[in-house]
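Keep the viewer open as you read.

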Amino acid sequence: MEIIQQTAFTGADGIQLTTVPDKQPTATQIQLKTAYTPVLPWDWRSATGELAGLNPARPPYVLSYALTGIVTAVGQLRRTTLLGQRLLTVNFHGSAREQNLLSPSPLVLPVPDQVSLAAATTLIGGADAAAKLMQAAKIHAGMTVLVTGAAGGVGNYLVQLLHQQGATVIALSRPANRDWLTQLDADYTIDYTTDLTTQLQATPKATVLLDTVGNTQLLNSLAAGQPQLQVWSIAQQNWQPLAATQAFHFVNGPIWPQQYRQLLDQLATGQLTAAIAATYDFHDVRQAQQAAQQPGQRGRTLLRYSH
């Protein structure tokens, strides 16, 4: 089988596709034929060594950690009824491989029949990060919330989940995404590529900013003149508040398995919509990473491993 390795902290130049022998599951493992993995900022930021303090992996290592796939073999101690099941799961040893061997874990989640494997793949590193941000910021009905990167893989889920929670959503993105974000239930949209002052004056005053981008200059512009703003970020670890009454929090970590099941159920019932920017064959991983980093992407870019 083929795997995608990061062979050095040199960004996309360090990516290499390598053929390794197939392995059979041990007594307690299951084997998944990989369908999709998401292309995440975690991958390309780790690839330069930027996230060395958060990601313990050192080259050479297999990219990514999230995946969807279909069970093709089970170990002797696992139920044969698992065969053929469609699953959403993680492999912290690296998921960017044609086959993944997985030990028992609460994060092996059946995908409802109504949900495509591609749609389910957008939840890890997407809706889960959105839910984690909202949980950390203690979002509740009636709050007014600014969202940076609102059209992105995390941001589009933030817009949807915040609306469900009863918050007023001010979504920052490019003008081309305005109508789409309104369809996702953003109450206001702001073009971050032009002057923010006038646009912010035309919206309700936000008390919380949920940041998915990590751009210091943008955070400074949004925080200016808003002394009560509380900033929560998944993309920036060390932003300095502009006023003593402001606060900043970096958010990182998983959500509970039950929350993943709830997100899958919401996809199944249409309460949530998965946004997929583009899908690439896994052999085109460098091109996929480059495309995913372009501004204005709608949703998550995926790598496809099987048809």
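The buried residues of α8 are P257, Q259, Y260, L263, L264, Q266 and L267, where buried means under 20% relative accessible area, exposed over 50% and partly exposed in between, with a 1.4 Å probe and protein chains only. Please keep in mind that this is a predicted model, in which local features need pLDDT of at least 70, side-chain atom pairs count only at pLDDT 80 or more, and totals for chains, interfaces and linings use all residues. Residues are numbered from 1 along each chain as its sequence is written, and side-chain values use heavy atoms, with hydrogens and water left out.

Helix α8 covers residues 257-269, and its 13 residues reach 19 Å from the first C-alpha to the last, close to the 18 Å expected at 1.5 Å a residue; that expected span is 1.5 Å times one less than the number of residues. Helices here are DSSP runs of H or I with at least four residues, strands are runs of E with at least two, and both are numbered from the N terminus. Just after α8, G270 has a positive phi of about 85°.

Q258 also lies in α8, but Q258 is partly exposed, with a relative accessible area of 41%. Its C-alpha is separated by 9.3 Å from that of L107, 151 residues apart along the chain.

What do the buried residues of α8 pack against? They meet β6 (86-90), β8 (109-110), α2 (117-121), α3 (123-137) and α4 (155-165), with contact meaning heavy atoms within 4.5 Å.

Take α3 from that list. α3 and α8 pack at an angle of about 115°, with their axes 11 Å apart; axes are lines fitted to C-alpha atoms, for helices over the stretch in contact, and angles run from 0 to 180 degrees between N-to-C directions. That makes α3 roughly perpendicular to α8, a term for 65 to 115 degrees, with under 35 roughly parallel, over 145 roughly antiparallel and the rest oblique. On the α3 side the contact is made by L123, I124, A127, D128 and Q135, and on the α8 side by Q259, Y260, L263, L264 and L267.

α3 also packs with α4, at an angle of about 40° and with the axes 9 Å apart. That makes α3 oblique to α4. Here L123, G126, A127, A130, A131, L133 and M134 in α3 meet Y157, L158, L161, L162 and Q165 in α4.
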